[in-house]
Amino acid sequence: MNIVYRIWNSSLGKKYLMALTGAAMFAFLIGHLVGNLQVFGPPELINEYAHFLKSKPALIWGARLGLLACVGLHIFAAVTLAQLNAAARPQAYAKPGAYAASPASQYMLPTGIVILAFIVYHLAHFTAMLPGVNGLGDFSKLTTTLHGETVPDVYAMMVLGLQVTWVFLFYLIAQALLFMHLSHGLAAMFQSLGFRDHVWWPRIQCFAKGVSLALFLGYSLIAVAIYTRFIGTDYVDRKKYDLKAANAQPVPALVAAQGKEAK
Ligand code: HEM
């Protein structure tokens with residue numbers, strides 16, 4: 001107990017905590033990207049996958065609670081470490097930024113805050129499907145049939161959701177900041193776990209930048225392919241009318257889109 005208490009209260013312990021929670025979230029990001037890339041296949045592919053996940057409540061709720069704990073602990077460790085650092089150096093450096101390793105490392109806090117805001121928005125957008133946040137209508141009304149069963153149409157929701165300009169731009173900005181945050185955070189994670197020496201450090205930095213870039217390109221590819229109407233357009237054109245019919249109030253963005261099509 002004493003050792004857990006000492007680790008929890010030491011700055012080294014908090015660095016471990018940041019590294020381990022960061023690693024768990026990083027693993028989620030890879031899995032989530034692989035799952036989302038199925039949007040390049042036929043609509044049934046990702047709908048089947050989403051339906052499979054939703055049919056395993058223990059798995060999905062276990063992962064959700066685990067992720068929530070990771071986000072909370074990661075933020076707690078970041079804030080308390082920042083406070084410890086500030087207390088250890090009450091006077092700022094004479095030349096601001098002179099000792100920081102990279103721009104990414106200087107902006108960990110602001111990039112982290114925007115990513116957190118993105119996650120809150122993203123959960124409201126696609127998980128809770130709150131009608132007020134997507135600029136279109138009630139996504140929970142989008143359904144399809146799989147093996148004779150009515151299930152949520154996740155494919156239509158993703159395509160319609162990312163066709164909205166401001167939503168698309170917000171996703172793109174958040175992913176660029178995620179790239180910045182990860183390219184420093186991943187390298188720092190290895191450093192906290194004791195893997196820093198003159199041979200390994202350049203390789204670790206290269207790995208961190210490469211993997212972060214791959215994640216950025218993967219997530220952005222999905223958003224760009226949808227926004228540029230490279231995928232999904234024929235399918236969701238039909239769905240837009242279903243969504244409109246399901247909405248009690250006409251939705252301005254949809255009405256405008258339909259008006260354009262009618263001309
Ligand atoms: C183009 C980019 C992305 C797309 C298209 C996308 C798509 C989705 C979809 C469709 C869901 C809902 C799954 C469902 O309930 O059926 C979801 C959930 C989620 N996404 Fe994303 N996502 C993207 C990027 C991200 C990023 C960058 C993060 C993290 C920074 C993230 C974190 C999450 C989380 C935490 C959930 C909730 C999982 C759950 O509770 O089931 N997503 N995403």
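Author: Below we go through the fold, the core, the ligand shell and some backbone details.
This is a predicted model, in which local features need pLDDT of at least 70 and side-chain atom pairs count only at pLDDT 80 or more, while totals for chains, interfaces and linings use all residues. Residues are numbered from 1 along each chain as its sequence is written.

Reader: What does the secondary structure come to, and in what order do the elements run?
Author: The protein has 11 helices and 2 strands, where helices (H or I, at least four residues) and strands (E, at least two) are DSSP runs numbered from the N terminus. From the N terminus on, the order is α-α-α-α-α-α-β-β-α-α-α-α-α.

Reader: And how much of the protein is buried?
Author: Buried residues make up 23% of the 263 residues; a residue is buried if 20 or more other C-beta atoms lie within 10 Å of its own, exposed if 12 or fewer, and partly exposed in between, with C-beta atoms placed from the backbone.

Reader: Which residues have the most contacts inside the largest nonpolar core?
Author: That core has 39 residues, and those with the most contacts inside it are Tyr155, Ala156, Met157, Met158, Val159 and Leu162. A nonpolar core here is a set of buried Ala, Val, Leu, Ile, Met, Phe, Trp, Tyr and Cys residues joined through C-beta atoms within 7 Å. The elements that give two or more residues to this core are α2, α3 (43-54), α7, α8, α9 and α10 (233-246), and the largest share, 12 residues, comes from α8.

Reader: Staying with Tyr155, what is it in contact with?
Author: Leaving aside neighbours within four places in sequence, Tyr155 is in contact with Val39, Pro43, Ile46 and Asn47, a contact being two residues whose C-beta atoms, placed from the backbone, lie within 7 Å.

Reader: Back to α8, then: what span should it have, and where is its kink centred?
Author: At 1.5 Å a residue, the 28 residues of α8 should span 40 Å, and its end C-alpha atoms are 40 Å apart, which agrees; the expected span is 1.5 Å times one less than the number of residues. There is also a kink of about 25° in α8, centred on Leu182, the bend being the angle between axes fitted to the seven residues ending there and the seven starting there.

Reader: Changing topic, how many residues surround the ligand, and of which classes?
Author: 21 residues surround the ligand, and the closest are Ala50, Phe126, Tyr219, Ile222 and Ala223; a residue is near a molecule if its C-beta atom, placed from the backbone, lies within 6 Å of it. The largest share of this shell, 6 residues, comes from α6. By class, the shell has 15 nonpolar, 5 polar and 1 charged residues, with Ala, Val, Leu, Ile, Met, Phe, Trp, Tyr, Cys and Pro counted as nonpolar, Asp, Glu, Lys and Arg as charged, and the others, Gly among them, as polar.

Reader: Where is Met129, and what is its phi near?
Author: Met129 is in the loop between α6 and β1 (143-146), and its phi is near 50°, a positive value in a residue other than glycine. Most residues other than glycine have a negative phi. Met129 is partly exposed, because 18 other C-beta atoms lie within 10 Å.

Reader: And His147, buried or exposed?
Author: His147 is exposed, with 8 other C-beta atoms within 10 Å; this residue lies in the loop between β1 and β2 (149-152), and its phi is also positive, near 50°.
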